[in-house]
Amino acid sequence: MTDYKKLADLLFPNMDKTPEYYENFYPERNLKEGARVTRLAPSPTGFLHFGNLFTGMAAYKTAKSTDGIFYVRVEDTDQKRKIDGAIETMLEGLKAYGVTADEGVMTDGSQKGNYGPYVQSQRVEIYHTYAKYLVEQGLAYPCFCSTEELDYIRAKQENEDIKGYYGKYAKCRDLSYDEIKANIDAGKTWTLRLKSPGDINKKCFFDDMIKGKIEMPENVIDIVLLKTDGIPTYHFAHVIDDHLMRTTHVTRGDEWIASVPLHLQLFRALDFKPVKYAHIAPIMKEENGGKRKLSKRKDPEAAVTYYKQEGFPCAAVNEYMMTIMNSNFEDWRKANKEADIDDFPFNLKKMSVSGALFDTAKLTDVSKNVISTMSAEEVFELSYEWAKEYNAALAGLYEKDKSYAAAVLNIDRGNKKPRKDIAKWSDIPEYISYMYDETFEENYELTGNATPELAIKILTLYKDIVDTSDDKDTWFSKIKEICAPVGCTPNVKEFKQNPDAFAGHVGDVSTVIRVALTGRTNTPDLYAITALLGKERVRNRIERAIRHYEEVK
């Protein structure tokens, strides 16, 4: 019979710490009952995608809604795929959407908190301590199989239901101490494998926070815990880290469900209390009558940079994200129109089992609502910051006269029913183009009852009476006064009752003026536009419109 203590000392001769040491070093957190500790554990192998943000937001909200702790741990055990700067870029991206860590790795690369290091490559001694403990318990062993030998095993299992290093295929599982020592003395490299206590005929049961009760076969595979270089696998490292960092709930993609029996087995083998898992289904998108996963390759909206480039405010993305994250959010928002989004009682159990459906049209509607409630100053500041990075022409217009730009953005803002013309900052150049001579595009197409002949009459009269210092009532009374001389009625109802008696009504008169000044038939408040454009610019545009209609009459 193998002397496991002796074997552990052979494999880890320099490990003098014990699990008890780390249990004391990382004590239970002093939090109120029910407080949840969650984490985001990115790898430095890529940049921020919508799925990362979605999962990170779920973890963040879970912690914050229970007065718990949200931390960031970097899982960098795969050094070959590491991309310099990836973590800092990802954390900056998350920060823009309010996902900020209480502890762990910060945006500047520093670490904060009492449960670190929060970078896995700096925790190797901890993993080796627990690896040694498993060997001492007879629950782990060194494997000397070469790549060729493992390939041979895989080929032999081609038609079998269970594939992996287990049972009769686990050729190193029962090596004696002397055989192991001889291999080590001969310079053979080894990995450390779990001696799985799983039973092929038994089931593993667990309660997923999103999916509900799940039943799966127990894990029987002797998976690798430490690679030949001593670096742990994800499976081994995350179990130890989540335990010592006192994590209570783990949110992650549902591709990890298949690994839960193994992970629960590792928790038990290490004598740890398991975390609660919440497996999030991938974000879906409708296509050709069906659904598919949101694709990093096919869908620009899969990258979080897309929202910044397009100019969707972070607040709008968060609002939209919550509508697809929790099924009861929209009802809550209707009942709490003015409430801060952080007041929403987020619940993992309200997340979609099959995957939230991404809908760009819905995002646009949500963003219009969010922007419509912003002050003109907020719209100006946020869109100006965006423009400085993505639209130099708009930034240049703003910089000519910032107070004028803010006033333009304030038109119809703050009303009981504010307009919802802007869904994202990239809509603004077109939205305000007629307020600047540099971007104003003449368009004299008329609608309703207006004709070029009627337009000439209206504009000729209006040109002589327009005064941009008039208050709104005076301005509108002048519009109505024009009606009779041009054959129109100031009363829309009267026109509808006897349309043949009039050339049009007051709405047609204002439309003619609107088209002359803006090139559009639908704009925010015409009085405010007129006042801001100023008398000289208004008269110049009216004169140009008159010349146009005279030419086409």
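1. Start with the sheet. Val 37 has Ile 69 in strand S2 as its bridge partner. Strands here are DSSP runs of E, at least two residues, and helices are runs of H or I, at least four residues, numbered from the N terminus. The model is predicted: local features need pLDDT of at least 70, side-chain atom pairs count only at pLDDT 80 or more, and totals for chains, interfaces and linings use all residues. Residues are numbered from 1 along each chain as its sequence is written, and side-chain values use heavy atoms, with hydrogens and water left out.

2. S1 and S2 (residues 69-72) run parallel, joined by four bridges. Two strands pair if DSSP finds at least two bridges between them. The sheet is open and has four strands in the order S1-S2-S3-S4, with mixed pairing. Its edge strands are S1 (37-40) and S4 (111-112), each pairing on one side only.

3. Helix H3 (residues 50-64) packs on this sheet. H3 touches S1 and S2, and its direction makes about 160° with that of S1. Contact means heavy atoms within 4.5 Å. Axes are lines fitted to C-alpha atoms, for helices over the stretch in contact, and angles run from 0 to 180 degrees between N-to-C directions.

4. Look next at helix H9 (residues 260-269). H9 is mostly covered, with nine of its ten residues buried. Buried means under 20% relative accessible area, exposed over 50%, and partly exposed in between (1.4 Å probe, protein chains only). Among the buried residues of H9 are Val 260, His 263, Gln 265 and Phe 267. Asp 271 follows H9 and has a positive phi, near 65°.

5. How do H11 and H13 pack? Helix H11 (residues 314-325) and helix H13 (residues 360-372) pack at an angle of about 125°, with axes 9 Å apart. H11 and H13 are therefore oblique to each other. Angles under 35 degrees count as roughly parallel, over 145 as roughly antiparallel, 65 to 115 as roughly perpendicular, and the rest as oblique.

6. Now the residues at that contact. Ala 315, Ala 316, Val 317, Glu 319 and Tyr 320 in H11 meet Lys 362, Leu 363, Val 366, Ser 367 and Val 370 in H13. The residues of this contact divide into seven nonpolar, one polar and two charged. Ala, Val, Leu, Ile, Met, Phe, Trp, Tyr, Cys and Pro count as nonpolar, Asp, Glu, Lys and Arg as charged, and the others, Gly among them, as polar.

7. Thr 323 also sits in H11. Thr 323 counts as buried because its relative accessibility is 14%. Leaving out residues up to four places away in sequence, Thr 323 touches Phe 329 and Glu 330.
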